[in-house]
Amino acid sequence: MTLIDLSPGEVGTISNIKGNRHLQNRLVELGLLSGTDVRLVKCTPFNGPVEIKVRDSYLSIRWDDAQLVELK
Amino acid sequence: MKKSHFFKPAQKLTQDSHWVALVGNPNCGKTAIFNLLTGLHQKVSNYPGITVEKKEGTVYAQGDKTFNLLDLPGTYSLSAESFDEQIVSDQVLSWAKGENPPAVIVSVVDASNLSRNLYLTTQLLDLDIPTIVVLNMMDQLKDSSQIEIQKLKKELGVSAVVPISAKMNWGLDALKSAIQKSLVNVAQTNHQSQWINQDISHQIKLLIEPHFSSSKFAAAHALRRISRNESLNGENSNIEAIRNSILELGYNTDTLEATLRYKWIDGILPFVQPKIRTKIQKETRSERWDKILTHPWMGPAIFMAILYFIFQSIFTWASIPMDWIQAGIDNIAIFVLSNMSPGMLRDILVEGIIGGVGAIVIFLPQILILSFFLTVLEDTGYMARVAFMLDKSMTKMGLHGKSILPLMSAYACAIPGIMSTRTIDSWKERLVTILILPLMSCSARLPVYTLLISAFIPPITVGGYFNLQGLTLVVMYFLGTVTALILAKIFSQFIKEKSSSSFVMELPPYRVPITRSVIRQVFIRGKLFLVNAGKIIMAISILLWFLASYPKVDSSLTDVNPIHHSYAGKIGHAMEPIIRPLGFDWKIGIGLLTSFAAREVMVSTMATIYNVEDRGDETVNLREAMRNDVDEKTGVPVYTPLIALALMVFYVFAAQCMATFAIVRQETNSWKWPLFMIAYLTILAYAGAFIVYRGGLLLGYS
């Protein structure tokens, strides 16, 4: 299960982040550690970026990158 | 406040040892704090070789004690790789090696987003330079998230934690005195943040470099090496072995530093914010607003309405101060003309310098109004939502959600547009944005369109509602924009991605902008525009004035306009065979040439050629003169509506504003891209005008 499998408003817990080193690093630096709760806030049409809430921030992540964030 | 200080920038403010660095996350209010602390005592320059703005300023506190402050670009981390962020990590790396480090680091933290902001703070603490943590946005905190200031100070081991609110303008004096106190009490610093554990520090011993003054920073740097898989002294086997043993300990080597730091931060947070409960489900006020503002169809509709309002105001409100400026420049020119004896110096002053500088100053109201709106949209947090909504459609065209801001700016002037592409992390998407920006019809084209439309397009109503003149203007803007988007798609197929940054973007909470900060931002934008563009335009104006005025001929000997015999006239005649297929004659040739200084110079050039009085109502007279101009031999009108249309299409595409290419050279750090732009724009302009003129002739128009 990944970030995009959540429906808007649903909360998941991060288990692992795939993808290249840059993406992994950036996401962890922004606080998306494994074990952190994340809520999918909204999706945009045509697989545009998704908005998530993690810790105290709202972030926009592109659809392809969101697919790489695995949840427990 | 000593205003003169601003115009006479202090030399190398941060060269003396008593300087202070301001570091923080994007959207933490760092720039507002910088503006409030330094007032107008600022100097904005570029970092050598690259064009990220370097903002330095001087802080005047009570008494004589002052210190200099450097505002670094906002960054989330020291291991980041986008343009702005690279500056910060390079700077900090040099401080760690003992190269002109600041006496005090001020780490600005958004109190309403503590854990993520403290991440960067812990990276800075590694340097063991005296650090003051500023908790900004304290006014936003609810009771449940109150921060225990003394506990935080103790856990981090910093010299001071200062709660402030830049918005409410409180706590800034306390911050000033805390900085001054740290500058006086120079003590050995050893910060407490023991985020790295024994197991790891044991593993990385071999990667510790001796030239760092702090052992904690050396360890952090070693971890960044491990994550980048970058060996020390080229010993690859070494780093592989270290990576493997760290993996065996159960850590991800790619994200090691970030994981360890967050573990440490998450460990101290319960003490620092005892009442906090993570409420990921809780909707903030911004999230509720976004239900409308980023709604799938209401969001874009609201954005279109805002855009419409901005452009409406640029073109209506700005015309009033623009008229004043024009009148002022005319008066100065008349004053000089009547008070100086005729001669070369007077000519160069009036026609070269006053004319040239006037041509650029006239756009200041538009630039200021546009920067005001863009600063407000940016500071409220709305611009990030626009980027979020449009990201998908923009990426489809090879651009980035963040390209929307530069594209909008470019309708006023390509230069601030190009400068605002810096926030785009991806090199490829940033370059593509820069390459197509000159196609957005900037305000300098407006005088040219206005002249040609009023002279040659009949003011009739078509299709029942549309005024043909207004419709022509809209078509010109549309032509530029659509071509820009098509070319963006094409260019993005051929340009390779150079940076490997991700596309994660923060949607900061909506905030009421701080008036003083906005005013200062607009003021600084305006000054940068005048200085950057002014220098180039002034030089070119003087050159063009020279070309158009020399060699001098005795006007009593010939009744022909002296410009015929000038260098410019000769160049115009030489150009004629090339531009004849487009329907243009040598006079337009000169206009195209002088447009290199600035497009609107075309109008004053034509005025000079036709010898019309250059005072106030020039366009009316020039319009008549151009309409009535007939070929000496055949008696056929020189200009027709079709030629005017071809000329307008030429102006939509042509590479004319030299200042733009100078800025592109700066921003891309190579001549390759500005030269490419000049080439493709010239081909496009020629082909466009050719198709319009020749196609029109074939269809029987004239």
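The questions below concern chains A and B of a predicted model.

Q: In what order do helices and strands follow one another along the sequence of chain A?
A: Chain A has 2 helices and 5 strands.

Q: What share of the residues of chain A count as buried?
A: A residue counts as buried if 20 or more other C-beta atoms lie within 10 Å of its own. Applied to the 72 residues of chain A, this gives 56%.

Q: What share of the contacts in chain B between residues at least 6 apart in sequence join residues at least 24 apart?
A: Chain B has 702 residues, of which 44% count as buried. Its secondary structure comes to 29 helices and 10 strands. Two residues are in contact if their C-beta atoms lie within 7 Å. Among contacts in chain B between residues at least 6 apart, the share that joins residues at least 24 apart is 71%.

Q: How many Å separate the centres of domain 2 and domain 3 of chain B?
A: Chain B is divided into domain 1 (4–184), domain 2 (198–272) and domain 3 (561–698). Taken over C-alpha atoms, the separation between the centres of domain 2 of chain B and domain 3 of chain B is 62 Å.

Conventions: Residues numbered from 1 in each chain as written. Chains lettered and ligands numbered in written order. Predicted model: local features only at pLDDT ≥ 70, side-chain atom pairs only at ≥ 80, totals over all residues. Helix = DSSP H or I, 4+ residues; strand = E, 2+ residues; numbered from the N terminus. Buried ≥ 20, exposed ≤ 12 C-beta atoms within 10 Å, placed from the backbone. Domains from an automatic or database assignment.
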